[in-house]
Every structure is written in structure tokens, then in C-alpha cells.
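Let's take a walk through this protein together, with the structure open beside you.

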Amino acid sequence: MAPRGFPYADLQSFIAALEEAGELRRVTVPVDPTLEISEIVTRTVRAGGPAILFERPTRGDMPLVINLFGTEKRMAMALGVDRLDEVGERIGAIAKPELPVGWSGIREGIGKVLQLKSMPPKKVKTAPCQEVVLRGDEVDLNRLPGLQVWPGDGGIFHNFGLTHTKHPETGKRNLGLYRLQQHSKNTLGMHWQIHKDSTAHHAVAERLGQRLPVAVAIGCDPVVTYAASAPLPADIDEYLFAGFLQGERIEMVDCVSVPLQVPAEAQIVLEGYLEPGERLPEGPFGDHTGYYTPVEPFPVLHIETMTMRKKPIYHSIITSKPPQEDHGLGKATERIFLPLAKILIPDIVDYDMPASGVFHNCLIVSIRKRYPKHAQKVMSAIWGAHLLSLVKLIVVVDEDVDVHDYNEVAFRAFGNVDYARDLLLTEGPVDHLDHSSYQQFWGGKAGVDATRKLPTEGYTRGWPEEMTMAPEVVSLVDKRWKEYGL
């Protein structure tokens, strides 16, 4: 059953729904966006606390909302479901496994979902996000309560800007979520990583010697905000996906000064361009890895126009060592994309991406083991699957193991493994932000086969029977439990 108010018309509607559900608190005293907000939010997230609306940040001239997605409950509210698995089940019911296996299968699976439940964006002529239009010298990023999250950060960052670009040759749109460092009142550093689609758009523009138009929307409705973070294939439109999730078409409006469209209900929009060949140092930045990422050269967004609502609310997020707010976003992706992962790799029964592995560093997978070295086959398939190629550690367990019970998984991984035979080592691409790899962008990977071993795999000792209590004794103790006085 969808929560009251879903689909949410805008960020304000979602905030109202959270407040009604007791999932949001207002802070009415002045609070500094440099470090103070970060410490408040980090403590709140780790205590399982609510979303927070800071009504009086000491930088900027608007309120700031944060921790909207910090729990699975709020993430489910954002997507209009009681359980995150419901979204995956909707997708799985449409994208049946008769589709071809392989990466083409997952693309076709998503395409089939969107075709059958197509909710293409709807263009509108006027929009709340353009109630106020600032041009040229009027543009001033200091009107926004951008955050400095950690003491060693290189300055102010805007951490939840939904970045829009188009492929210069095909016109294909991309929506991405990248951190944005404020260099001046009208320039931003564009930290889009090497594996991201916007990076490819920029590379084409530079090859052609052209400026790349960019529009950044801040404070969109929660479904659009999630869609920007989802690991979709490059040829799948994020706004089609958002329309499917929301059950309604997303309203878009033409930008004022660049040939792009943005969500009509956004709070703030920054429009500008990248000059070919221009780079500036970006960073350091305290990232979700728990470490500062180093200074690197990244493109520069020159903002020509800044549009906003008359009473906007600024949206941001804190990044740090887990647990942090991105747990909700990562868990949503894990559950929503499970049916599509099964199209790509039918061997998978379930998987878990531990937040402590910042989601992409570790993948726990359960399989219905059918033949020798089946676990190793699944490992190889995962490392060949789109952004799952960035996973550094894969642990494979049998289908009767709950992949979300880390004690149960550890029991198998620590006890079921002969590391001379059950450990698969390889090399491949790693996340742009990975600090442990000796070379940037690529490094070592490991797969751990924690399944029961078969005689056909060379295990000839006879796998032992696992101890379980007799069902009749379990039932007897259940019935008599109160008698024991325990």
C-alpha cells in the first residue's frame, strides 16, 4: 500500500509526509553548514534518527533538508512501497526470464519493463523551478547553504546536484549524481568519475572541440532523486525509469539558457557549460570510503543562469565511513535490481551488498549449486556485468544461507573454505575512488567459494552433515517455554 501523498508532487510534499509520519525533525536555531551540520547529521544517522530540516543555516538564504533516505523505512516511503523488495517484484513480474542471458538480457529486461509500463516525461511550458531567474553577475552560489563536511575538505561542496547532459552526437540524455565543488560564486568542479556516462559525453564534446551544456537540478522529488543514483545502462533513460517507479509521467521544462530539460518541480537549477580542455584541481573530499580522496583535475562548470522557486529548500547529503545516509539508496538499488541481476546471471538466488563495503566493494551471493566450480562461474559472470565489474570481493554461499545474516555468512566463509583451492584471484577495474589499489582504476579481486564442496570438485572426504535440532523437540520447547521461567 502506497504511503499517503504518494506520488509526491515535489520535495515539499515528501517533507510533509515524513513529518506526518514522525520521520522528520526541524532545527530552528542557527547552525553552521561548515562542519557543524555534518557532525549533527552523522550522529543522527548512526542512532537511526529522523530526516532533519535545518531552518536557519548560517550560510545561504534558504533552509536545508538532509537524511531523507537514511533508513530503509524512509527509502520505502520515498518509492511509495511498504518494502523495497516490492519494486523489484513489480519489475520481475514483467521482465520474465525468457529473455536472453547476458548483458543484452538485462538491457532488454529493463527495456521491456519500461515499454510495458512506459511513463515518458511530460513537457510543460512553465515550472516552479523558474519562478526566480538570475543571470550573469546575478548568479551567486553563496545563496545556497552548501556544506563543508570534513575538516580536510577542499572547500564547500554541493552533494546532491542531479546533473543533466546530452551526448553531443546522438542527443541521448543522461542524469547522474556527482559531487560539485564550489570554486567561485559562479563556477563548480565536476567530479564525474571515469566509469560514468557523463564522462563519455564530455569526451565526445572535447573531441569535437565543443562546449558541453550542463544543467544541475537540486531538490527534486524523491523518485527522480533516486533514479539519478540508479546504475542504469547508458541507453536507458532515467526519467522513463522514474516514471515507471512513480506511476506517473515526470514533468520536465526547457532550461532558460542551455538546450536541456530539467524536472519542473526542482527547487534550484544551475545552467551552464564546460569549456573543452579546461580543468581545475578538485578536492580533497571526505568520501563514502571513509578517507579523503586526493586532489585531481576535473572539468569546470561555468554557470550562466541560476533559477529557483520563490521559497526553495536546499537538499544535500553527508558522505563518510558507513553507516551513513547513502545506506538507504544503496539498499534500494540492491533490492530493485535483484530481478534484473537474475536475468543477467540466472544462477543467483539472492545477494547482499554490505554497507560496510560501501556497497560496491563486497557482494555476498547465494546460488543453487548444480555442478563443479559453479561458484567460480558465478564470480566470473558478476565481474563481467556492467558496474558489478567494480566489486572487489565476492563471497558465494549455498541457497539455504541467508545472505543478509552476516553471522551466518561469516560462519560459512570462515569454515567452509580451503583457501588453497576455493579462493579465486584476478584483476580488473575498480572504483575511481578506490584508495587501496596500487594503480588507479584497476586492482586485485578475490572470490571466495563458501559453498558445500562436491566429490567432482576433488573433495573426497564426504561433506559433513550440519547439526540441526529435531523438529519435535523445537516444537516441545516452544510450547513449554513459559514453564521454564527463563
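What follows visits a helix, a loop and a surface patch in turn. Please keep in mind that this is a predicted model.

We can begin with helix 3, which spans residues 72-79. Six of its eight residues are buried, so helix 3 is largely enclosed by the rest of the structure. Those buried residues are Arg74, Met75, Ala76, Met77, Ala78 and Leu79. If you look at what covers them, you will find helix 1 (11-20), strand 2 (51-54) and helix 4 (85-94), and also helix 7 (222-229), helix 8 (238-246) and helix 9 (326-336), among others. Just after helix 3 comes Gly80, where phi is positive, at about 75°.

Next, please find Pro299, in the loop between strand 16 (296-298) and strand 17 (300-308). Pro299 has a relative accessible area of 4%; because buried means under 20%, this proline counts as buried. Leaving aside residues up to four places away in sequence, Pro299 touches Leu188, Gly189, Met190, Trp192, His202, Leu274, Glu278 and Arg279.

Finally, let's move to the surface. Here Phe414, Tyr419, Leu423 and Leu425 form a nonpolar patch, and together they have about 470 Å² of accessible area. Leu423 belongs to strand 22, which covers residues 423-429. Its relative accessibility is 33%, so Leu423 counts as partly exposed.

Key
Residues numbered from 1 in each chain as written. Predicted model: local features only at pLDDT ≥ 70, side-chain atom pairs only at ≥ 80, totals over all residues. Heavy atoms only, no water. Patch = residues over 30% accessible without salt bridge, like charges linked within 9 Å, V, L, I, M, F, W, Y side chains within 5 Å. Areas by Shrake-Rupley, 256 points an atom, 1.4 Å probe, with all protein chains shown as cover. Salt bridge = Lys/Arg side-chain N within 4 Å of Asp/Glu carboxyl O. Helix = DSSP H or I, 4+ residues; strand = E, 2+ residues; numbered from the N terminus. Buried < 20%, exposed > 50% of the residue type's maximum accessible area, 1.4 Å probe, protein only. Contact = heavy atoms within 4.5 Å.
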